Amino acid sequence: YRNKDLKADRGLQRLEDRLDTVAGAFLPAEPPEEPVGDVEAEVEELRQWERRLTSRLAQRTQSALGLKPSATREIEQLLTEIADLKAELRAQGLTGKEQDKDENVLSRLVR
């Protein structure tokens, strides 16, 4: 078939059309567009979720260790600060181990 003109050969043209149909069924012509949402709202929702989880973790730590409520609030605040610091470090491209070795994170972990 190398020497034949593809448009002149009716059989090859039908085969090409069928292959295009099959390829269209499996491979869409254009990638689907991702829905664009309100990024700020999603970020705020994630922060609220993080606060709830941090609060629950601090409360469970308090009940397990018999801590005072003031110590629980301090733990909750430290956990939130650590999460914020790690998010900033992650945005800068640091890995998880590099984030854990950061001075600010270490000082809050030791506390």
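Reader: Among contacts in the chain between residues at least 6 apart in sequence, what share joins residues at least 24 apart?

Author: A contact here requires heavy atoms within 4.5 Å. In this predicted model, 26% of the contacts between residues at least 6 apart in sequence join residues at least 24 apart.

Reader: How many helices and how many strands does the chain have?

Author: The chain has 5 helices and 0 strands. Read from the N terminus, the order of elements is α-α-α-α-α.

Reader: What percentage of the residues in the chain is buried?

Author: A residue is called buried under 20% relative accessible area and exposed over 50%. Of the 111 residues in the chain, 11% are buried. The chain exposes about 9,900 Å², and carbon and sulfur atoms supply 53% of that area.

Reader: Is Gln99 buried or exposed?

Author: Gln99 counts as buried because its relative accessibility is 5%. This residue lies in helix α4, which spans residues 96–100. Apart from neighbours within four places in sequence, Gln99 is in contact with Lys86, Leu89, Arg90, Leu94 and Val105.

Reader: Is Phe26 buried or exposed?

Author: Phe26 has a relative accessible area of 68% and is therefore exposed. Phe26 belongs to helix α1, residues 10–26.

Reader: Which residues form a nonpolar patch on the surface?

Author: Phe26 forms such a patch with Val22 and Leu27. Together, these residues have about 360 Å² of accessible area.

Conventions:
Residues numbered from 1 in each chain as written. Predicted model: local features only at pLDDT ≥ 70, side-chain atom pairs only at ≥ 80, totals over all residues. Heavy atoms only, no water. Patch = residues over 30% accessible without salt bridge, like charges linked within 9 Å, V, L, I, M, F, W, Y side chains within 5 Å. Areas by Shrake-Rupley, 256 points an atom, 1.4 Å probe, with all protein chains shown as cover. Salt bridge = Lys/Arg side-chain N within 4 Å of Asp/Glu carboxyl O. Helix = DSSP H or I, 4+ residues; strand = E, 2+ residues; numbered from the N terminus. Buried < 20%, exposed > 50% of the residue type's maximum accessible area, 1.4 Å probe, protein only.
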